Amino acid sequence: PHPIHRRDYRPPEFLIDHVELRFDLDPDRTRVEASLEVRRNPAATRGDGTLRLHGEQLDLEEVAIDGHRLAPAEYRVEPDSLTLQRVPDRFRLDTRVRIHPNLNTALEGLYQSGDMLCTQCEAEGFRRITYFLDRPDVMARYRTTLIADKGRFPVLLSNGNRVEERELVDGRHLVSWEDPFPKPSYLFALIAGDLSAIEDRFTTASGRDVVLQIFVEPHNLDRCDHAMQSLKKAMRWDEERFGREYDLDVYMIVAVSHFNMGAMENKGLNVFNDKFVLARADTATDEDFQGIEGVIAHEYFHNWSGNRITCRDWFQLSLKEGFTVYRDQEFSADVGSRGVKRVADVRLLQAHQFPEDSSPMAHPVRPDSYFEINNFYTATVYNKGAELVRMQATLLGPELFRKATDLYFTRHDGQAVTTDDFVRCMEDVSGRDLMQFRRWYSQAGTPHLHIEAAYDAERATYSLLIRQAIAPTPGEPDKDPLHLPLAIALLDPQGRELALRLEGEPNAGEPGTRILELRDWETRLCFVDVPVRPVPSLLRGFSAPVQPRFDYGDDDLLLLLRHDSDGYSRWNAARILMQRVLSTMIADPEAEVPGRFVEAFRGALTDPETDKALLAEVLTLPSESFLGDQMETVDVDGIHRARNTLREILGERLVEELLSVYRDNADVERYAPTPDAIGRRALKNLALGYLMAAGDARALTLCRAQFAGAGNMTDAIAALRLLVDHGGEDGTSALEAFHRRWSKEPLVIDKWFSVQATSSRAGTLGIVTGLLQHPDFSLRNPNRVRSLVGAFCTANPARFHARDGGGYRFLADRVLELDPLNPQIAARLLKALIRWRRYDAGRQALMRTEIERILAAEELSSDTFEVASKALE
Ligand code: HT7
Ligand code: ZN
């Protein structure tokens with residue numbers, strides 16, 4: 001495989017204005033006829049008239065130009081293209097190909113999922129459907145005709161509005177769809193199946209009536225309500241917050257069970273992994289309900305940030321993904337609890353993006369090259385990309401930011417543009433120069449902010465010295481300093497915010513947060529009129545995606561934990577305290593847990609003021625992976641031991657408080673996924689976890705009762721997880737009962753696999769290996785692979801990184817099995833090995849051996865090749 005470089009971008013030599021597609025659908029052999037209106041692109045340099053269309057795994061039957069059938073000598077077919085020489089400046093190209101959806105295990109293009117046929121075209125799947133200029137800057141209007149057996153496929157859907165429907169002979173029928181909006185091919189979709197729908201309506205701000213439909217297999221009809229409510233909330237929110245209205249008469253969502261990612265924003269016809277649609281209190285957890293709300297909103301928001309305005313090329317992926325993640329994060333913050341949402345987003349960024357940013361696969365938010373674009377749907381492009389949008393919103397302030405997004409949406413409507421165009425809109429409305437800020441898009445790596453402070457009691461000044469440092473990343477040895485907003489407050493010893501005045505300023509502002517702008521490697525600042533030595537509340541709201549380092553005293557952290565009004569800062573203070581205790585315990589297994597730490601934990605646990613969901617976040621110990629990320633060399637076993645010991649000690653010392661928290665939050669009312677109820681369940685189950693870790697007999701009784709009597713999946717799965725970790729007859733019988741009860745519910749069975757894969761018990765690898773043979777397991781279903789193999793390799797560090805290398809061999813075997821079936825999923829799994837340099841020499845050698853074994857395989861996909869080869873660079 002060869003890399004593709006951003007610098008090689010050229011506008012397309014030909015454009016396609018209109019596409020007419022006709023599908024004769026059959027899972028074994030589908031016929032696709034395409035009629036393309038092609039013309040030269042006046043904005044491109046004139047070439048020699050050669051048209052090279054993308055196409056993969058297509059059996060070509062016929063090619064015609066302006067109605068004249070071409071002889072095979074007049075075109076060239078290669079495995080990835082169809083080339084026509086000396087074509088006219090404007091012409092109609094007709095092709096006919098055959099494709100085989102039931103053999104398509106990669107789930108790109110047209111494939112079979114259960115009894116349905118469906119498509120996934122982003123990023124480059126459309127070329128597996130027909131020959132085309134399959135690049136996002138070629139935008140066309142589509143008319144799509146679907147023909148299929150009516151008994152087997154009574155529902156036939158595509159993008160836009162239904163314009164024709166009729167019966168054919170032999171029990172077949174035909175439905176035609178027309179999409180009035182020009183779109184890139186990656187937004188094309190079709191669905192054929194025996195589906196039922198729930199339907200609702202939405203009146204837009206300007207009074208247009210939109211039909212909303214969610215299509216699922218008939219037995220799932222009773223679990224679509226939450227998705228529908230979420231969609232309506234998202235539509236209203238986008239009108240109010242961003243002034244964006246929906247533009248077609250119908251908005252359709254279809255749930256499928258085989259899907260490589262979460263969902264896809266195809267114009268007017270979103271296709272979803274069923275995990276992000278289907279929810280009923282007894283089958284879905286609070287996390288599932290929240291995930292559905294977020295993903296439904298995310299795909300809906302893409303209608304403007306992605307579909308109306310799309311990416312010029314795939315290097316610009318964050319243009320739509322970063323902005324849309326920012327939009328969905330803000331939506332969830334507005335409809336739920338802002339502080340809790342921010343903590344959850346920061347936790348996610350630190351757990352996935354920070355490690356990626358220091359890995360062999362580190363890349364800028366706007367990458368410069370790739371072998372396989374599917375490998376770049378990453379936390380960097382999505383989540384760091386969202387942070388870049390958030391920083392621009394912070395720098396501009398809410399009014400100007402809204403003006404800038406309005407300008408972006410009007411200036412670029414109907415275009416395929418770049419992240420630079422986005423930033424230019426920010427500059428044009430604000431008059432600010434964001435030249436330096438653009439480095440965030442082009443430079444990889446997480447900046448460290450080293451902050452030092454000095455209080456001068458006599459002069460009543462508080463000075464800060466802030467230094468940026470960015471470690472080299474692959475291909476980028478030298479870095480430049482970044483422009484970033486640093487949100488800060490100073491708290492007095494009672495935890496009250498001080499009014500801030502920087503040296504040289506005429507007046508102090510109101511007490512509260514101040515946004516400082518950093519641009520240089522080193523910044524010195526001095527606050528004046530500071531009456532007492534303050535405690536700084538730094539990087540409030542996590543105002544920039546950086547790693548702050550400040551030498552807080554334990555007392556300072558306790559003050560922030562108790563009094564800071566900023567949720568992120570409180571959570572961060574708790575985490576630093578926990579990390580300190582854990583580091584000591586990792587270094588010395590005999591180390592005592594300081595009494596004041598236990599008291600602080602007690603104080604927080606019994607604090608009636610704090611939002612319960614935030615409290616649950618604050619009281620959760622840092623994950624084993626996070627603790628490993630903070631170490632020079634990851635001490636897999638030390639971390640696991642210390643973390644378990646601390647859980648046990650806290651459980652023992654706080655037993656009475658934990659029992660009361662459990663009882664006070666045990667819900668008796670009907671299940672509802674409201675922020676308050678979710679917070680209560682989270683806190684209750686956290687308490688039960690500590691109590692179980694302490695081996696308290698009362699806890700086991702509570703846990704058994706919770707498992708047996710749970711009226712919702714959140715409580716059932718929390719209890720199941722604890723019983724499985726407890727082990728013995730309790731674990732075995734709970735697993736059996738759970739499987740018996742839910743054997744017909746694939747999404748619940750996914751949880752059954754995950755609970756076993758993430759158990760900390762010693763024999764987990766053996767159990768996971770055995771489960772590969774379970775009749776419910778299949779390598780062909782990505783959700784199942786993620787629930788067993790993915791969960792074991794990414795969410796069970798102690799067992800995956802077992803010293804004997806068994807976990808690594810297990811993963812490599814699965815990657816090699818999966819690669820020929822589904823390269824995207826294989827390559828994603830392999831990412832669990834790429835940070836091998838972070839481990840001790842023994843583990844390093846074992847991990848390397850497995851990556852080399854993968855690289856030595858014949859016929860590796862470009863996806864897996866890219867990850868394996870970069871891992872060893
Ligand atoms: N834009 C969508 C990306 C996506 C995707 C990419 C590659 C392979 C399969 C895929 N399914 C969906 C999802 C989103 O960010 O909204
Ligand atoms: Zn997206």
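Student: How do you know how helix α15 and helix α16 pack in this predicted model?
Tutor: Two numbers describe it: the axes of α15 (residues 655–665) and α16 (residues 675–693) are 8 Å apart, and the angle is about 145 degrees. α15 passes α16 in a left-handed crossing.

Student: Which residues make the contact?
Tutor: From α15 they include Val655, Leu658, Leu659 and Tyr662. From α16 they include Leu683, Ala687, Leu688 and Leu691. The residues of the contact divide into ten nonpolar, one polar and three charged.

Student: Why is His298 called buried?
Tutor: Buried means under 20% relative accessible area. His298 has 8%, so it is buried. His302 has 0%, so His302 counts as buried too.

Student: How do you know that the length of helix α7 agrees with its number of residues?
Tutor: At 1.5 Å a residue, its twelve residues (419–430) should span 16 Å. The end C-alpha atoms are 17 Å apart, which agrees.

Student: Which residues of α7 are buried, and what covers them?
Tutor: Among the buried ones are Phe422, Val423, Cys425 and Met426. The cover includes α3, α5, α6, β24 and α8.

Student: What follows α7?
Tutor: Gly431, with a positive phi near 75 degrees.

Notes. Residues are numbered from 1 along each chain as its sequence is written. Chains are lettered from A and ligands numbered from 1 in the order in which they are written. This is a predicted model: local features need pLDDT of at least 70, side-chain atom pairs count only at pLDDT 80 or more; totals for chains, interfaces and linings use all residues. Side-chain values use heavy atoms; hydrogens and water are left out. Buried means under 20% relative accessible area, exposed over 50%, partly exposed in between (1.4 Å probe, protein chains only). Helices (H or I, at least four residues) and strands (E, at least two) are DSSP runs, numbered from the N terminus. The expected span of a helix is 1.5 Å times one less than its number of residues. Contact means heavy atoms within 4.5 Å. Axes are lines fitted to C-alpha atoms, for helices over the stretch in contact, and angles run from 0 to 180 degrees between N-to-C directions. A crossing is left-handed if the near helix is turned anticlockwise from the far one by less than a right angle, and right-handed if clockwise. Ala, Val, Leu, Ile, Met, Phe, Trp, Tyr, Cys and Pro count as nonpolar, Asp, Glu, Lys and Arg as charged, and the others, Gly among them, as polar.
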